[in-house]
Amino acid sequence: MTSPIAALRNGAKGLLPWVVPIAILVVWELSAIFGWLSTRILPEPLAVLKAGWTLALSGELWTHIRVSAGRALAGFAIGGGLGLVLGLLTGSFRKVEVALDTTLQMIRNIPPLALIPLVILWFGIDEVAKLFLISFGVFFAVYINTFHGIRSVDPALIEMGRSYGLSGWPLYREVILPGALASILVGVRYALGFMWVILIVAETISAQAGIGYMTMNAREFLQTDVVLLGILLYALLGKLADVAARLLERRWLRWNGAYNAA
Amino acid sequence: MQVDNLELAQVEAVQSGSGGLAVEVSGLVKHFGERQVLHGLDLSIPAGEFVAIVGRSGCGKSTLLRQLAGLDTLSGGAIGFDGKARDTLGDQVRIMYQEARLLPWRTVIQNVALGLPGSRAQVRARAEEALAQVGLADRAEEWPSRLSGGQRQRVALARALIHRPRLLLLDEPLGALDALTRIEMQRLIEQIWRQHAFTALLVTHDVAEAVALADRILLIEEGRITFDEPVGLPRPREHGEACFAALESRVLKRLMTVEALNPRNQLRGRVTEIIIDKVLSEVVVMTPAGVVSAAVPTSALSEFPLELGTDVLAVFKSNDVVLATAD
């Protein structure tokens, strides 16, 4: 149905967001080639690509990515899971809210990174310390948005559900949980972003593997290309997590016009 | 012929145990904090009757409906269904709200089947049947956001009907619809009511709607029933007919008088200035409390001309009054 011109226009529209990044890369590469930019400060993009290629061939790169992603996801599962459960509880039951919310709100105001000295004292510099930091950072994003989501479900819909004979778990499943889902997913998306931030810091404390370890190591040897590769990997993984969260939104919120692509 | 059909349907419905509920309300009192909304309201509705309640906003008509639906607790008095306490037959009552209140995350057919017990296939078959009754069988798998306002109310009606209610409460369900859709929906509601023979209680602002649908029109004012008039017109009723219009204007007139007698939210004054414009004109009224300027449609002014110096009442809807702090 679409004419070739329209198809071309659509293709151009898809490319438009990439024009600026590609232009930056080209300018960067050219400045490196003409020697305007010292490789000590910023290696040329091609060098970064080459470093990535070498590390990928040796298999080292994949180990680091696997370890980092594993850490991040495990921390996310623990912190996010706890946040979801506690958010659902405090959102649904006044008594639990009275008992827990004030405490949680106080703890929330502690920046997770401020806990690093304490965490090292408690858990040493092992995996547990990293998992704790990531879980702690992720927890509140999910908790607050879940709590808020449950509380902001349209009371008119809840009243309707009750007057149509729903109560207890059916009311929860049909009305409250789907009503809160959009807000919960906002929390998940935010938590996924924050997860990488904490991971980076946690991996620079001390690690035997992971992207953080790889970059810290490369810094020792002034391998700016590998350092840059690590940074780019973080960016890529962060983008990947965001895309995953958006796919979830598309799937679960397809009833909502705002998330519906078609 | 029409009456015969109606009686036949009612006999059938009673035999299948799904006829209307008889409603008995005595001395109903409702407070919201300090404010008393219902002042000992008495009301008796025979099984299968279609009753319309008109009245200004804030008069307590919606409150009465919510009490009947069991959505609020009573402050005093009693509600009986078929001679029993409300709570024993509460699940035979369904309510339709002004907004459709469909779950946006459920498809049309899932919304209709909400809260219906039974096997999956059974529930689906009944939901399809209910949707067909309101003429939306082909929209079963759509999201509610894709439907128009009138279609959403049809789905809400199907959702109420699927429970085979013996008392259907209608809280201004057509208030937000355009005139044509409204009349269509009125016909549909009437047709379904005749078919199922449930008792129906409709709250509305629209006197024409009350006259079109009801066996009996009630006026609630200050938490009491102040007007109770049977509608003897044959069904189906046409909006244009002379007796229809006569009854409509009688009820309207009565509504206006009661409004004029109500001391709340009104100011007596004298017209001091009339600024005519194309669509919306301005009438300036001098009252003891100060100058009140009223925007009046020019068409209304040409129909009911006002003169300078005429004594008038400036009446406000209580829910249109906005309070701001003095600074």
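In this predicted model, Lys30(B) finds its bridge partner in E2(B), and that partner is Leu38(B). The pair belongs to a run of 8 bridges that joins strand E1 of chain B (residues 23–32) to E2(B) in the antiparallel sense.

As for chain B as a whole, the tally is 9 helices and 14 strands. Its radius of gyration comes out at 22 Å, close to the 20 Å that the globule rule gives for 327 residues, so chain B is as compact as a globular protein of that length. Taken along the principal axes, the box filled by its C-alpha atoms is roughly 70 × 50 × 45 Å. Some 34% of the 327 residues count as buried. Looking at contacts in chain B with a separation of 6 or more, 68% of them come from residues 24 or more positions apart.

Then there is the packing inside. The largest nonpolar core holds 107 residues, and those with the most contacts inside it come from both chains: Ile134(A) and Met195(A), along with Val112(B), Leu169(B) and Leu201(B). The biggest contribution to this core is from helix H6 of chain A (residues 127–151), which puts in 15 residues. Apart from that core sits another one of 8 residues, including Ala51(A), Ile211(A), Met214(A) and Val226(A). Back in chain B, and leaving aside residues up to four places away in sequence, Val112(B) touches Ala127(B), Ala130(B), Leu131(B), Val155(B), Ala158(B), Arg159(B) and Ile162(B).

A word on confidence. The average pLDDT of chain B is 84, with 91% of the residues scoring at least 70. Residues 1–17 of chain B are another matter: the pLDDT there is below 50, though the stretch still has 14 contacts in the model beyond near neighbours in sequence. For the complex, the predictor gives an ipTM of 0.72 and a pTM of 0.73.

Note on methods:
Residues are numbered from 1 along each chain as its sequence is written. Chains are lettered from A and ligands numbered from 1 in the order in which they are written. This is a predicted model: local features need pLDDT of at least 70, side-chain atom pairs count only at pLDDT 80 or more; totals for chains, interfaces and linings use all residues. A nonpolar core is a set of buried Ala, Val, Leu, Ile, Met, Phe, Trp, Tyr and Cys residues joined through C-beta atoms within 7 Å. A residue is buried if 20 or more other C-beta atoms lie within 10 Å of its own, exposed if 12 or fewer, and partly exposed in between; C-beta atoms are placed from the backbone. Helices (H or I, at least four residues) and strands (E, at least two) are DSSP runs, numbered from the N terminus. Two residues are in contact if their C-beta atoms, placed from the backbone, lie within 7 Å. The radius of gyration is taken over C-alpha atoms; the globule rule is 2.2 Å times the number of residues to the power 0.38. Two strands pair if DSSP finds at least two bridges between them. pLDDT is the predictor's confidence in each residue, from 0 to 100.
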